[in-house]
Amino acid sequence: MVICSNFIIVSAFMILFECQSGIAVSFARLLVCTSKMSLDKREPPKDCKPPDSAPKLPVPALKDTLDTYLRCVKELLTDEHFQKTQEGVKRFGAPGGLGELLHRKLLERREQTTNWVYDYWLNDMYLDNRLPLPVNSSPAMVLPFQNFAARIDSLRFAANLISGILEYKSLLDERALPAEYARGQHAGTPLCMEQYYRIFSAYRLPGQTRDTLVARDGRAAPEPEHIIVACKNQFFVLDVVIDFRRLNERDLLTQLERIIKMADNQDERQPPIGLLTSDGRTEWAEARAQLIRESTNRDSLDLLERCLCLVCLDDSSKAKLTDAARAMLTLHGGGAALNGGNRWYDKSMQFVVGADGCCGVVCEHSAFEGIVLVQCTEYLLKYMLVRAASVTELPAPRRLRWKCTTVVHKLLAFSVDRLYRLVKNLDLNVHKFNRYGKELIKRLKMSPDAFIQVALQLAYYRCHGRAVSTYESASIRRFKDGRVDNIRSATPEALAFVRAMTNGNVSACDAKLQLLQAAIAEQTKNSTLAIAGLAIDNHLLGLREMARELKIEKPEIFQDEAYRISNEFILSTSQVPTKFEMFCCYGPVVPNGYGVCYNPQSDHFVFCVSSFRESPHTCSSQFVKSLQRGLLDMSDLFCNSNPREPRKSPTLGPPAEIPEPGSATCSLVKTLSQTKPESGSQA
């Protein structure tokens with residue numbers, strides 16, 4: 001984490017983000033400090049290992065993975081189907097069998113590579129996926145709302161933002177980011193930092209069947225660095241280094257003002273080529289193949305693909321900017337009619353600055369995880385510009401030009417239609433749960449993340465009456481080139497608890513509380529195993545891909561319908577905590593699923609729940625209502641009085657009213673909020 005050396009400025013920023021008066025303060029009016037930000041050295045705990053000593057990712061024991069796999073799928077299958085699956089898994093794991101052969105090959109691969117699962121995982125999770133990047137893959141970080149009185153205010157904001165980006169980029173080039181270390185029971189373990197160094201160098205190149213993640217070495221670039229500014233669906237090259245000097249805030253503002261004027265020139269208007277990047281990956285690859293036939297287009301694509309990042313100067317949406325509206329506008333730009341063409345989704349970082357105060361960041365997810373997006377964004381929000389001498393003569397920014405054939409124009413029309421349908425299909429709900437937050441849960445000696453995961457299981461079961469395969473990302477950055485594995489939250493213990501809360505067979509508060517504690521304990525254990533590199537999903541993926549490499553017919557275990565069901569993540573969840581009042585959002589990963597991103601704060605939670613309107617099985621607002629009700633019911637279990645009587649499970653009809661929390665909840669929150677947290681509570 002990076003902090004401002006001037007306490008007054010930090011206080012000013014906190015006033016900005018915590019202001020509840022309804023009168024937002026512009027960033028530009030707070031940027032009055034000229035002190036350079038200092039770095040938190042993040043002193044590691046005593047006796048910790050150096051940051052370059054991260055071990056290789058382990059390969060879990062085959063028997064442990066297969067046993068856990070059966071445990072995970074049991075509740076998702078009929079008894080007959082489970083028995084068949086169990087027999088197939090037993091054959092796969094038999095001594096001297098195919099499972100042992102593939103496992104042994106994975107152990108050999110571990111010795112020969114830096115990270116045995118990285119390429120398998122990257123292709124399976126991202127590069128082989130043919131769905132459009134917006135909503136389906138690229139998450140967005142929604143920044144605090146900015147009250148811009150005039151367009152010049154938004155341009156000052158953008159100029160300050162670009163200055164922060166360039167400062168952060170210089171830290172990356174010098175490999176000067178402070179090392180990060182694990183907390184909790186693994187405190188002192190160094191975390192792999194490689195993801196950070198792909199923030200501004202990565203680009204996702206579309207392919208017919210598989211994309212390519214390109215990452216150049218920004219330190220070795222011979223040409224002056226540039227960013228691309230998108231404005232009114234046009235793209236402009238903004239050189240940020242001129243005559244070997246980095247542009248300062250005043251220079252950047254001058255250039256942004258020039259770009260606004262250039263974008264308004266109707267005679268120079270270019271086709272909204274950025275819309276093509278919002279299409280399916282195969283469709284975009286085909287369109288790109290058409291574009292590169294013209295040298296003009298090749299030059300423009302080259303400048304886009306080599307830029308540090310995009311800054312998207314969005315026009316006002318003219319809409320009421322609720323949290324959900326800002327999330328959707330950041331995710332997809334509102335379609336071709338608004339700012340949908342003001343994006344280039346292949347680039348790893350796109351910073352959105354709306355004239356109406358809707359600001360955020362969209363990231364191409366294959367290059368790095370959410371924590372990297374959070375850390376970079378928080379640095380930029382805290383950044384304070386060091387003013388330098390202005391460059392006397394600034395060459396005008398350059399407009400990217402395109403030559404479009406009839407074929408390309410037709411492909412653009414198809415992209416417009418598909419983006420329109422994607423925008424209309426997204427059902428997104430942002431909810432701030434204010435009754436309590438993570439501090440209350442920690443004082444109850446439980447993991448807040450595990451508590452929320454059980455609440456999500458309860459919410460889904462109340463909405464749909466069944467358990468479903470659930471994905472929660474777990475960082476494995478303790479290992480070289482570590483990305484994530486999956487914490488499977490739909491455990492038998494969680495299902496036992498949610499059934500007790502919904503079917504009325506268990507009425508005693510103490511009995512339900514014991515079931516809740518067992519579910520949370522199991523979830524916490526699974527989380528610990530996952531971050532230790534011992535979860536099952538990466539291992540199963542490695543076994544499957546190793547069989548493919550060896551040209552062995554797909555093993556029976558991976559042809560079984562149980563494997564497909566277990567990997568259909570109807571609940572796709574992720575915790576993305578922040579220090580500022582901002583939040584992350586993304587779409588579902590399957591047509592009939594939910595995407596749930598949550599931000600636990602000390603006294604509240606922020607949930608961003610997404611689904612698709614075309615699915616008759618999902619409804620984001622109903623899920624949020626069930627989630628709110630479940631969080632209240634779970635807190636009630638910790639009181640001595642009787643909990644509220646079980647209520648009927650909601651249906652996907654008209655949203656039901658959520659009762660006020662019972663007196664038990666209120667008294668519990670009041671009591672614990674007046675006590676000091678004990679040491680050793682879980683983060």
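At 29% relative accessibility, Glu268 counts as partly exposed, a label for values between buried (under 20% relative accessible area) and exposed (over 50%), computed with a 1.4 Å probe on protein chains only. Before we follow this residue further, a word on the model: it is predicted, so local features need pLDDT of at least 70 and side-chain atom pairs count only at pLDDT 80 or more, while totals for chains, interfaces and linings use all residues. Residues are numbered from 1 along each chain as its sequence is written, and side-chain values use heavy atoms, with hydrogens and water left out.

Back to Glu268, whose side chain meets that of Arg401 in a salt bridge of 2.6 Å, N to O. The term stands for a side-chain nitrogen of Lys or Arg within 4 Å of a carboxyl oxygen of Asp or Glu. This pair links distant parts of the chain, 133 residues apart: Glu268 is in the loop between α8 (249–264) and α9, and Arg401 in the loop between β13 (398–399) and α13. Helices here are DSSP runs of H or I with at least four residues, strands are runs of E with at least two, and both are numbered from the N terminus.

The whole structure holds 43 salt bridges. One of them joins the side chains of Glu522 and Arg71 at 3.1 Å, N to O. Here 451 residues separate the two partners, with Glu522 in helix α17 (residues 509–531) and Arg71 in helix α3 (residues 62–73). Glu522 counts as buried at 10% relative accessibility, whereas Arg71 is partly exposed at 35%. A local case is the salt bridge of Arg548 and Glu545 (3.3 Å, N to O): they are three residues apart in helix α18, so about one helical turn separates them. There is also a network of salt bridges, linking Arg130, Arg204, Asp211, Arg281, Asp346 and Glu364.

Now let us turn to the strands. An open sheet of six strands, with mixed pairing, has the order β14-β20-β19-β17-β15-β16; two strands pair if DSSP finds at least two bridges between them. Its edge strands, β14 (426–433) and β16 (484–487), each pair on one side only. Within the sheet, β19 (residues 594–600) and β20 (residues 605–612) are antiparallel over six bridges, and Tyr598 has Phe607 as its bridge partner in β20. Helix α15 (residues 448–464) packs on the sheet, touching β15 (470–475), β17 (571–575), β19 and β20, and its direction makes about 145 degrees with that of β19. Contact means heavy atoms within 4.5 Å, and such angles run from 0 to 180 degrees between N-to-C directions of lines fitted to C-alpha atoms, for helices over the stretch in contact.

Strand β6 (residues 226–231) is largely enclosed by the rest of the structure, because six of its six residues are buried. His226, Ile228 and Ala230 point one way, and Ile227, Val229 and Cys231 the other. β6 pairs with β7 (residues 234–239) in the antiparallel sense over six bridges, and in their hairpin Lys232 takes a positive phi near 55 degrees. With β10 (residues 310–314), β6 runs parallel, joined by four bridges.

Finally, helix α11 (residues 323–332) is mostly covered, with nine of its ten residues buried. Those buried residues pack against β3 (140–142), β12 (359–363), α13 (406–425), β14 and β18 (583–585).
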